[in-house]
Structure formats: structure tokens, C-alpha cells
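I then checked the ends, cover and make-up of other parts.

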Amino acid sequence: MGKRIKLRTLFFGGIMTLLFFVLIGRIYMVQVVDGAMWYEEAKKRWSAADTMKAKRGEITDRDGNVLAMDTIAYNVSVDPQIINDADIAEEVIDGLHETLGIDKDELTKQVTAQKEDGTFYRSRELRKGGWLIDKPVADGVAAFRDELKGKLREDGKKLDTGIYMVETHKRFYPRNFLASQLVGYVSLDGENKTGVEAYFDDQLQGADGFIRYEKDGKRVQLSKGEVDFQAPKDGNNIKLTIDSDIQQYVVEALRDIVKKYSPKSATAIAADPDTMEILAMANMPEFDPNEYAKYDYANFYNHAVGSLYEPGSTFKIATLAAAVEEGVFNPDEIYQSGSIVVPGDPRPIREHNRRGWGKISFLDGLKYSSNVAFVKLGFEKLGGEKLRDYFTRFGFGQKTGIELTNELAGKIDLLGNRDIASASFGQGRVQVTAIQQVAAVAAVANGGKLMEPHIVKSITDPSTNTTTVTDPKFVRQVISEQTSKQVGEYLEQVVSDQDKGTGKNAYIEGYRVAGKTGTAQKVINGKYSDNKFMVSFIGYAPVENPKIVLYIMVDEPNNPLAGGGSVAAPAFREIVLKSLKKMGIAPDYNIESDEESDNKEAKIAVPKVQDLSVAQAKAELQGKGLSFEVVGGGDKVLKQIPAASSLIYPAQKVYIVTEKKDQLAVPDLTGVSLRDALELTSLIGARLVTEGTGYVVSQQVVEENGGRLVKVQLVPPEGAEGYDEALSASGGGGEESDTGEEGGESQSDDESDAGESGGSEDSTDADIEPPVGMQGGEN
């Protein structure tokens, strides 16, 4: 019996000893052999990590006005298991439908989502409607969640509603539609980008940071645990060359064109010809990048760099510059207009009015936009090889290098005599982009220097606060400075000659403007169309020291008889006038009297600002490019002079009256008409005494019999009859005026284009087929 007990004891003792050695061995393996591996695994269980999102860089205009920025947003997700365990699925679906506007079927799908084994998912993101929501919407979700928590508390259930919100960043475009195709957008998932957002994505996106720390079983950070931290690096900030005011002028003008002519698209580019900084770039149709999902792809497209087309007569500027540079353009030389046949091709090239203008000078041919004149210059006088060389030197057939995606190079294929002749006036085997046109005409304007266009003024690293500035980039000298000056003077006459000039509707009273119209037939089903055109206008001002070059092109206006002079030129005039005034560039010669000037369209309609706040009125008038003076110290406009819808010259002021007459000082009346001077003095309770007629050049305020007397000297505009005598005459002592007579008020202008009716300005024979492969403006 004792022996059996001993054996049993030894047996169990041996087993225990063996187990002990096994345990020691296992501990040795875990602690020593595999210690490092298990330590790392343990650290993973102890550790927690949070991502710190980097802010995407801001995009601003040249003055620092924000065009794109990151703002706080929220992502909503749900826990189907918690929601269904608490039996609150219906309440959650109804509440999120009301606060987020998500379709109930979609919410039901997410809130009741189950795995293949029948168990509910633990997390579902509401990406369709609950992703990157703004704070007001997030506040509504939070309020609903709190209300739901109160109901759960009353039922004695757990307080977790299964609805979660995480704070993050969202791309926000505070100017909405402004420069939308240029700036582009970032999609909600961050995968799709366009415009500057796409081209500079690497610079804008930055790098996320993180914090890693050790925690206990309750997920509380250990006070002495290891911490690994890397701060986020925000993306670089990009300042564009865009001027938001000029951009707005362009957008408003294009919207007016769309409203009036319903084209397929309309595009405009404004640039500084000396540096080729892009001041504005806009396209119609447009879109709001904050709500990009609502728009068609066509609204996102930037035709300024990504569409090829036959340019039409605006291309004649390059041919003219080449001819002047080579000494073959004699403005007084006479030729026979009408039609011309080039060797090897019996088909005639005709004028846009089909008949021509008889025997005229080459300068008149430029004013009329004669195709025959430019065939003679380009084909006969310059020749194909030299013409091709100049086109290449002007930058056609090659990318400009502007910092935008999808830029096209275009092509200049001059294979035969017909191609050379057609290219000389901008049709045939010629395909260009709008930005190429602007760069080429800027070279004509700035003294012959081809500059690389750019839209980025500077890039700033917010971490180091270092800024990289984009310097103007000179490409090549295309023509001489003397040629540039001569071409400018010729192109000025296309605008200033109100009888022959096709660009007369771009004329701006008080400024020298150079420009050229274009009305190119489009290729439809392989043939030139008789009723579908690409119409355009390109020009610059002031001619003597150009500060802005502007190109406007309109694809298929709904009136087949409307040319570049009637569709695009008026918009050019409006944009350039406002832009020059915004730049502080004063008129460079005195305005003419109404009797001597037939250009009534040079006047501007005064907007209604009465009853607006002073700040609103100032913004409205600045937006129209009008000078103004605030009379009084009030904060609301009680009266405006001239009245709303009055037509005034660009140099005239609008007076904003903000106080009652007994509180008003006498304003400066210099430059106003007699009628407006009468109204102003009447408002402030003063009597007006005048001498002369026309516009006020001097004034004197005297006290008389307890009232104020304002004596003014008026003279006709410079150049009008009696100007010199009136200016030298002394003021005062005149008769008191009690009439509203003014020195003349223009009526309306005849907007018809000189010679543009009855066909395309650049049309060839209607039965001629275009070269194979050329699409003539199909975008």
C-alpha cells in the first residue's frame, strides 16, 4: 500500500516537474527567443493612433481674395448593430432623412446593412448625403441625436444612438461661379480634380500628420508611455494672377452674350500684354464648384486652352504684323477687292460681302476685313515659307506652357497654295487655341516680345513662410518695336473708323483702342456651314501703352447674320472700359461734344443705387467702372445724380447724396453738365448762377441774403466751337439759370457692323469643302 502511494507520488511529481520544465521552456521561448516579436505585438495592443489632417493650400486672386480654401466639415456614419439592438431603426431613418435630406431607401439600406452570416455591420458611412456636410447641417444632426438620447434614457435603454460624426476638412469656393473652370474643383472623395486644383495638386495637398501613444485596457493614455508625434504639413498657398474685379466684368459680359445669343459656348481671356499675366479667364456655360455634381461635363470645360478652332479674321493680325515687318504692307497701295484665284485651284476666294468694295487701299482692306487683301499679303507678297515661319514664331502650332491641364498645341499645315492663301486670313488648315491668340496679339501690342502666359503669381510655403514668385518669361522677339507701333496704329483705325471699321463697336470714348473682328465659318459634316459661325474680337488698349489685351469668342450665336463686330466687340468695349478705370488709367484725350460724335454707345447707363447703403452703392458703381462722389456723411443713398438709366460718358461722375439738403456741403461740380449742376445745387438748397454752356470747369460759393449762391463757369468740350474763347473768359456775374438745358445728350448708336451683313466675314466660296481633318471650331 505504501509502495503504491510512493509510486503514485513519484508519478504525479514527475508529471509536475515535466510540466514545470515545459512551462519554463515556454517562458524562455516567449521571453527570450521570441521576446522581441511578442513585445511588438503587445505594443500594438497598447498603442493608439490618430491622423491629423493637413489643410489643403488656399488659392487666391492677385489681391489675396480667397477663391478656394479648406473649411470645417463633418462626416456622418451609423452603427447598424447598435441601432437595431436598440430597436430605433425607424426613428434613425426618419430623423436622418429630415436633417440630411438622404433618400429613405438609401438610409434603410445603410441602417439595416447585414453581413453574409446575418449579423449587422458595426459601421456604415453615409457618403451619399452625409459626407462633408456643413456645420449648420451637422448641428441639426447633433440636435436630433440628443433628442434620440433623451428618448432612450426615458426607456431605460443604453444612450448610444449609433449615429456618429467626425470633424474633417472640406474644400470650399467662396466666390462660387467666379473663375470656376480656371480654379477647378476637388471632388468629395478627393479623387477627381480639375483646373489649378489638378495642375498643382502636389503642392496644394500637403502631408497629414499623426500622433501615436500607449493606452491601458480602458483606452486611457499611459502617462509614461511612448509618444510618437508628427505635425501635419499644410499645403502651399497659391496666388493667381487673376484680378477678381476684371474676372467679374468678363463673367457679366459673357452672361449678357449668352442671354442675348444663346451660343453653344463663350470664352474670354484678359491679360497684361507686357508680362502675359492672365487677368481673367472665363467660359460659358459655367458651374459652381461647391455643387459640381449638379452640372454637366460641358460646364467644367476650359475652352481657353483645351479647344481648337479656325480663328478667322482675328488671325489676320499675325499676317499683317509679318507683312509690316517684311516691308510689304503699303497702306496706300490700291488693289481690286471682290475675289481672287490662287494658282493650282480654280475655286475663287471671296470677300465676306461677296461683291467686295471695288478698288480700295490695303488700309481700307484691313478696315473692311478683306480676305482678298490678306491673300495678296500672305500668299503673294510673303509666300508660304515666310508666312509659316512667322506663324511659328508667334507661337502657333505649339503649347504656350500656361500652368493648366489639357492645353492643346494646335496645328498649322500649309501643304499647298490654297492652304497658304486660306491661312493668311485664318481659315483652312489652321487650328489654334484662344490662349495662343492672346499671346500672339500681346506680342504685337508690347513691342514684339512673345511672352509665356502664366496664371500663378506666387506660391507660399506656410511652414517656412517662403514665397516663390513667378517672373515674366520672355520667349522670343517676333517683330521689331517699330513694327509693333505701326501695326497698333493700323488696328486702331479698324476700331476708330466709324464708317468702314468692322471693329467700330469696340470704340471707347477717351481711349485709343486697337482690335480686330473675326467671323469664321464652322465645319459641319465635313463642309463649311452657311449658318454656324465662331465669332470673335481681340484687341488691346490704350494703344500707346497697352495695359490689357482681351479676346472674346462666341461659338454659334443664334443669329447667323451676327458677326464678331456685333456680338463680341460691344462686350470687349464694356470689359476694357471698366478694367481701365479700375486700373486707374485716365482717358488720354478729351471727350467730344455730342453734336460732333456719332458714337453714342461710348456712354454708360447709370445703375440704380438710390435706397441702397453707401457701401452697396459704391460696389455697384465700381462694378460698372464709374467714378462717383459721396455727398454727405449718411449711410444710405437718399438721391443719386444722374438718375438711374441715364447715359453718361466714362469720365463723368455719379453723385451719391446721403443727407438732407440743410446738412450738405457744396460738392465739387467740375466736369458735370448744367442739368446735373442744377439738380445738385437744388438738393443742397443753393442757387446756381452760370456763365457759358457745356460742362462746369470752375465754381465759386458765396453767401448772399442768408443763402448760398454757387457761381459756375461752363465751357463746351475741347475742340467744339467756342471752346477757346469760353475757357479764357472770366467767371461769375452771369444770369441765374432756371432751365434744365444741358450741353447735349447722346441718343442711341447704330450697332450694325460695317460690311458684316450677308455672310461670314471670313467666308470663302460657299461650296468649297474644308481640308480633310480640319474641324473648324468644333470643340
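This is a predicted model: local features need pLDDT of at least 70, side-chain atom pairs count only at pLDDT 80 or more; totals for chains, interfaces and linings use all residues.

In α13, I found A318, T319, A322 and E325 meeting L387, Y390 and F391 of α16. I sorted the residues of that contact by type and got five nonpolar, one polar and one charged.

Next I looked up the geometry of the pair. Helix α13 covers residues 316–325 and helix α16 covers residues 384–393. Their axes come within 10 Å and cross at roughly 115°. I noted the crossing of α13 past α16 as right-handed.

I moved on to a second pair, α4 and α5. Helix α4 runs over residues 89–100, and helix α5 over residues 104–111. I read an angle of about 135° between them, with the axes 10 Å apart. That angle makes α4 oblique to α5, because the roughly antiparallel class takes angles over 145 degrees and the roughly perpendicular class takes 65 to 115. The crossing of α4 and α5 is right-handed.

Which residues meet between α4 and α5? From α4 I listed A89, V92, I93, D94, L96 and H97. From α5 I listed K104, L107, T108 and V111. The contact of α4 with α5 divides into six nonpolar, two polar and two charged residues.

Then I checked the length of helix α20, residues 564–582. At 1.5 Å a residue, its 19 residues should span 27 Å. I found the end C-alpha atoms 26 Å apart, so the span agrees.

Is α20 mostly covered or mostly open? I found it mostly covered, with 17 of its 19 residues buried. After α20 comes G584, and I noted that its phi is positive, near 80°.

I also looked up a glycine in a strand. G209 lies in strand β6, residues 209–214. Its relative accessible area is 2%, and the cut-off for buried is under 20%, so G209 counts as buried.

Last, I took totals for the chain. I logged 23 helices and 31 strands. Of the 779 residues in the chain, 51% are buried.

Note on methods
Residues are numbered from 1 along each chain as its sequence is written. Side-chain values use heavy atoms; hydrogens and water are left out. Axes are lines fitted to C-alpha atoms, for helices over the stretch in contact, and angles run from 0 to 180 degrees between N-to-C directions. Helices (H or I, at least four residues) and strands (E, at least two) are DSSP runs, numbered from the N terminus. Angles under 35 degrees count as roughly parallel, over 145 as roughly antiparallel, 65 to 115 as roughly perpendicular and the rest as oblique. A crossing is left-handed if the near helix is turned anticlockwise from the far one by less than a right angle, and right-handed if clockwise. Contact means heavy atoms within 4.5 Å. Ala, Val, Leu, Ile, Met, Phe, Trp, Tyr, Cys and Pro count as nonpolar, Asp, Glu, Lys and Arg as charged, and the others, Gly among them, as polar. The expected span of a helix is 1.5 Å times one less than its number of residues. Buried means under 20% relative accessible area, exposed over 50%, partly exposed in between (1.4 Å probe, protein chains only).
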